[in-house]
Amino acid sequence: MTTSPPGKPTRSKGSPYDIAVIGAGPGGYVAAIRAAQMGAKVLVIEKGELGGTCLNRGCIPTKAFLSDVKPFYKIKKASLYRGKEHLSLDMEKLVTRKNEVVETMTKGIATLFSDNGVQWVRGIGSFMDSKTIGVIRDGKRETYRASNIIIATGSRAANIPGVSIDGGNVLSSDEILNVRKIPREMVIIGGGVIGLEFATLFNALGTQVTIVEMLPTILSTEDDEVIRGLHTILEREGITILTGTRVIGASSKGGKVEVQVQEKSGGKARIVAEKVLVAVGRTPHTEGLGLERISVKMEGPFIAVNPRMQTNVDGVYAIGDVIGKIMLAHAASAEGVVAVKNIMEESREIDYGKIPTAVYTFPEIASVGLKEKEARDSGLDIRVGKFPYLYSGKAMAMDEPEGFVKIIAERELGEILGVHILGENAADLIGGCVLAMSLEASVEDLSEAVKAHPTLSETIMEAALDWRRMSIHQPPKKDPPQ
Ligand code: NAD
């Protein structure tokens, strides 16, 4: 990362705002607040609710659901509890609590805007020229001028030919958040992040879930060992996973949906279910923005940017799902901060190698940096340290023995290249690993930093120790200590 002293952007003549941000998702609202903290005069334009997909229809509502459903699932599974036949979950209350969480958080952003002096208008924004945004509001157009503009318009659920999302039985990840009756069966098209999180949720609620994924594996962006581990766990928990199987159509019949698939062998088959969730990726929101009016360069459907988040148009930046680098809320926020720092003349480039991923299955997955195959394929001399949750006192006490921590580090100097976790609380645990990598700590440093006992964070220390072949709480390995 390169830095230079911070400054103030030069406000163009006739521009009342230093920065206008289109879109108030985790990319846009974080950028706006950071810019205001740094002394810029900021305007945000948002057509919907503050918080974007993450807060209103993504990360936060799904986590509210998953955290409410997890104790229900654990109790149903454990032999410890009696009277389980009477246990049921109030779907109405589940949805109501989710809505309350979303509402509280959305109001929180409005408060943060006002506390930081960020102004915002509700309306649909589009470029009139590279310094002027037209905002359609209640059928009328208002124009706003700003010296710099950040496009943070996000994405929407994508679809595939032959399938029409009707909001009834065929749903996207938006509509499924308001399902108030537990479906008997559900086909999930796409074994990516969204597909797996909803598969976890509905399986825990008692739905018979089938995931149909056209690639050879689910969650193909993660480390192979993690994918295999998760696949085994999900199948054991009762989820049917059809990989190498492409959905080619879906049609509603007698209150159910018939999903047509093409199998690995080339043969065709049908799966009938009460509900179908389409989770096949996301399409960036670029239409209607007037990008052609200012000749913004595109990269396929995404806006092209450099590592400073600058588009080809002077003073116009883009961040988040609309640039399609890493479609994650925290990546969008990080990109937003980079854009603002460059506008405020504090030169900064994004470092995608240190942006973690987190998937909220039971158990969770989290990772940062290189996968083992990636590291080996790029010719790096690496060594892998691992620690199974099974050997962790805390994991056993929590009755969460599934999973492992895997650390990939360069053989000679112990530079940490990647960390992959499959296991309880993986998404929280990865934070410490990101910090270690950001501070360029070696795997030895990671192994010597004392962790509280008993905690799951010890699994990271033990995996780092295992890299040195000095793990205390697992059987010794044959290859010698580092
Ligand atoms: P994705 O790209 O992660 O997965 C979509 C999957 O659908 C792919 O594996 C693809 O091969 C498969 N697919 C596409 N067409 C198909 C067909 N015809 N038949 C069968 N399978 C098909 O997309 P997603 O799961 O929709 O998630 C969208 C974005 O949202 C992702 O970028 C994701 O990272 C982000 N997201 C992140 C989180 C999180 O970080 N926890 C949670 C939800 C969403």
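Let's begin with Y391, which is partly exposed, with a relative accessible area of 34%. This is a predicted model, and Y391 takes part in an aromatic pair with F387. F387, for its part, counts as buried because its relative accessible area is 1%, while the cut-off for buried is under 20%.

**Aromatic rings and charges**

- Two aromatic pairs turn up in a search of the whole structure. One of them joins F387 and Y391, with ring centres 6.2 Å apart and 55 degrees between the planes, a tilted arrangement.
- Rings also meet charges here: K386 places its charged end over the ring of F404, at 4.5 Å from the ring centre.
- In a further case, the ring of F362 has the charged end of K70 over it, 5.0 Å from the centre.

**The ligand and its surroundings**

- There are 23 residues around the ligand, and those that come nearest are I194, E197, E213, G281 and A358.
- Sorted by class, this shell holds 14 nonpolar residues, five polar ones and four charged ones.
- E197 has an N or O atom in its side chain that lies 2.9 Å from a nitrogen atom of the ligand.
- The backbone takes part as well: a polar backbone atom of V247 is 2.9 Å from a nitrogen atom of the ligand, and one of V193 is 3.2 Å from an oxygen atom of the ligand.
- On its own the ligand would expose 850 Å², and the protein buries 81% of that area.
- Which elements give two or more residues to the shell? They are helix 5 (193-205) and strand 12 (246-253). Helix 5 gives the most, with four residues.

**The loop between strand 20 and strand 21**

- T361 is in the loop between strand 20 (357-359) and strand 21 (365-369). With a relative accessible area of 1%, T361 is buried.
- P363 is found in the loop between strand 20 and strand 21 too. The side chain of T361 reaches the backbone oxygen of P363 at 2.6 Å.
- The peptide bond that leads from F362 to P363 is cis, and its omega is near 0 degrees.

- As background, most peptide bonds are trans, and most residues other than glycine have a negative phi. The following places depart from that pattern.
- A cis peptide bond runs from H453 to P454, with omega near -5 degrees. P454 belongs to the loop between helix 11 (443-448) and helix 12.
- L219 is a residue other than glycine with a positive phi, near 45 degrees. Look for L219 in the loop between strand 10 (208-212) and helix 6 (224-236). Is L219 buried or exposed? L219 is buried, with a relative accessible area of 4%.
- R469 also has a positive phi, near 60 degrees, and is not a glycine. R469 lies in the segment after helix 12 and is buried, with a relative accessible area of 18%.

- E458 is part of helix 12, which covers residues 458-467. Its relative accessible area of 13% makes E458 buried.
- How many residues apart in sequence are E458 and I75? They are 383 residues apart along the chain, and their C-alpha atoms are 26 Å apart in space.

Definitions and conventions: Residues are numbered from 1 along each chain as its sequence is written. This is a predicted model: local features need pLDDT of at least 70, side-chain atom pairs count only at pLDDT 80 or more; totals for chains, interfaces and linings use all residues. Side-chain values use heavy atoms; hydrogens and water are left out. Rings of Phe, Tyr and Trp (its six-membered ring) pair if their centres lie within 6.5 Å; planes under 30 degrees apart count as stacked, over 60 as edge-to-face and the rest as tilted. Buried means under 20% relative accessible area, exposed over 50%, partly exposed in between (1.4 Å probe, protein chains only). A charge sits over a ring if NZ of Lys or CZ of Arg is within 6 Å of the ring centre and within 35 degrees of the ring normal. A residue is near a molecule or strand if one of its heavy atoms lies within 4 Å of it. A polar contact is a pair of N or O atoms within 3.5 Å; within protein, one must be able to donate a hydrogen and the other to accept it, and residues adjacent in sequence count only if both atoms are side-chain atoms. Accessible areas come from the Shrake-Rupley method with a 1.4 Å probe; for residues, only the protein chains shown count as cover. Ala, Val, Leu, Ile, Met, Phe, Trp, Tyr, Cys and Pro count as nonpolar, Asp, Glu, Lys and Arg as charged, and the others, Gly among them, as polar.
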